[in-house]
Amino acid sequence: MFEDRPLDIVSSQGLEGRGGGMKCPCGHGPMELRKQIKTTTFRGVELHYEAESYVCPVCGLEVATVEQATAIQQAIIDAINGFEKSKR
Ligand SMILES: [Zn+2]
């Protein structure tokens with residue numbers, strides 16, 4: 001509905017017990033946990049929200065665990081709610 005860019009969703013289950021951390025599926029090694037301010041467009045208005053995900057420092061690939069994806073979705077919904085409220 002309001003997804004600007006598809007994010008690879010990975011199961012957080014597979015992460016544990018493998019030495020920890022997330023590894024780039026392209027073989028670049030460990031990915032960095034990053035918090036970023038993202039922008040999405042809703043009804044022609046730019047909304048900003050905070051998203052935490054894993055980013056490969058080599059190729060820039062971004063993946064989110066199910067938990068992170070849920071939090072991101074909630075952040076977008078909050079941003080939209082805030083926008084809707086500001087109109088009233
Ligand atoms: Zn990579």
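Trainee: Which residues does Tyr 49 touch, leaving out those up to four places away in sequence?
Mentor: Tyr 49 touches Lys 38, Thr 40, Ala 75, Ile 76 and Ala 79. Please keep in mind that this is a predicted model.

Trainee: And which residues make up the largest nonpolar core?
Mentor: That core has six residues: Tyr 49, Ala 51, Ala 64, Ile 72, Ile 76 and Ala 79. Both β3 (45–55) and α1 (66–87) supply at least two residues each. The largest share, three residues, comes from α1.

Trainee: What fraction of the chain is buried?
Mentor: Buried residues account for 12% of the 88 residues in the protein chain.

Trainee: Let us turn to the overall layout. How many helices and strands are there?
Mentor: The protein chain has one helix and four strands. Read from the N terminus, the order of elements is β-β-β-β-α.

Trainee: In what order do the strands sit in the sheet?
Mentor: The four strands form an open sheet with the order β1-β4-β3-β2, and the pairing is mixed. β1 (8–10) and β2 (32–42) are at the edges with a single partner strand each, so one side of each has no neighbour in the sheet. On average, neighbouring strands are turned by 50° against each other, direction ignored.

Trainee: Where does the helix go relative to that sheet?
Mentor: α1 packs on the sheet and touches β1, β2, β3 and β4 (62–65). The direction of α1 makes about 165° with that of β3.

Trainee: Back to the strands, then. How do β2 and β3 pair?
Mentor: They pair in the antiparallel sense, over 11 bridges. Within that pairing, Lys 35 stands opposite Glu 52 in β3, and Phe 42 has Val 45 in β3 as its bridge partner.

Trainee: Is Arg 43 buried or exposed?
Mentor: Arg 43 counts as exposed, because it has 10 C-beta neighbours inside 10 Å, and the cut-off for exposed is 12 or fewer.

Trainee: How many bridges join β3 and β4, and in which sense do they pair?
Mentor: β3 and β4 pair over two bridges in the antiparallel sense. Val 55 stands opposite Glu 62 in β4. The hairpin of these strands has six residues between them, and Gly 60 there takes a positive phi near 80°.

Trainee: I also noticed Glu 32. Where is it placed, and what does it touch?
Mentor: Glu 32 is in strand β2. Not counting residues up to four places away in sequence, Glu 32 touches Tyr 54, Val 55 and Pro 57. Glu 32 and Pro 57 are 25 residues apart in sequence, yet their C-alpha atoms are 6.9 Å apart in space.

Trainee: Is Glu 32 itself buried or exposed?
Mentor: Glu 32 is exposed, with 11 other C-beta atoms within 10 Å.

Trainee: One more topic: the helix. What is the span of α1?
Mentor: α1 has 22 residues and reaches 32 Å from its first C-alpha to its last, close to the 32 Å expected at 1.5 Å a residue.

Trainee: Which residues of α1 are buried?
Mentor: The buried residues of α1 are Ile 72, Ile 76 and Ala 79. They cover an arc of only 60° around the axis, so they are on the same side of α1. What covers these buried residues includes β2, β3 and β4.

Trainee: And which exposed residues are on the face turned away from the buried side?
Mentor: That face of α1 carries the exposed residues Val 66, Glu 67, Thr 70, Gln 74, Ile 77, Asn 81, Glu 84 and Lys 85.

Notes. Residues numbered from 1 in each chain as written. Predicted model: local features only at pLDDT ≥ 70, side-chain atom pairs only at ≥ 80, totals over all residues. Core = buried A, V, L, I, M, F, W, Y, C linked by C-beta atoms within 7 Å. Buried ≥ 20, exposed ≤ 12 C-beta atoms within 10 Å, placed from the backbone. Contact = placed C-beta atoms within 7 Å. Pairing = 2+ DSSP bridges. Axes fitted to C-alpha atoms, helices over the stretch in contact; angles between N-to-C directions. Expected span 1.5 Å × (residues − 1). Arc of directions from axis to C-beta.
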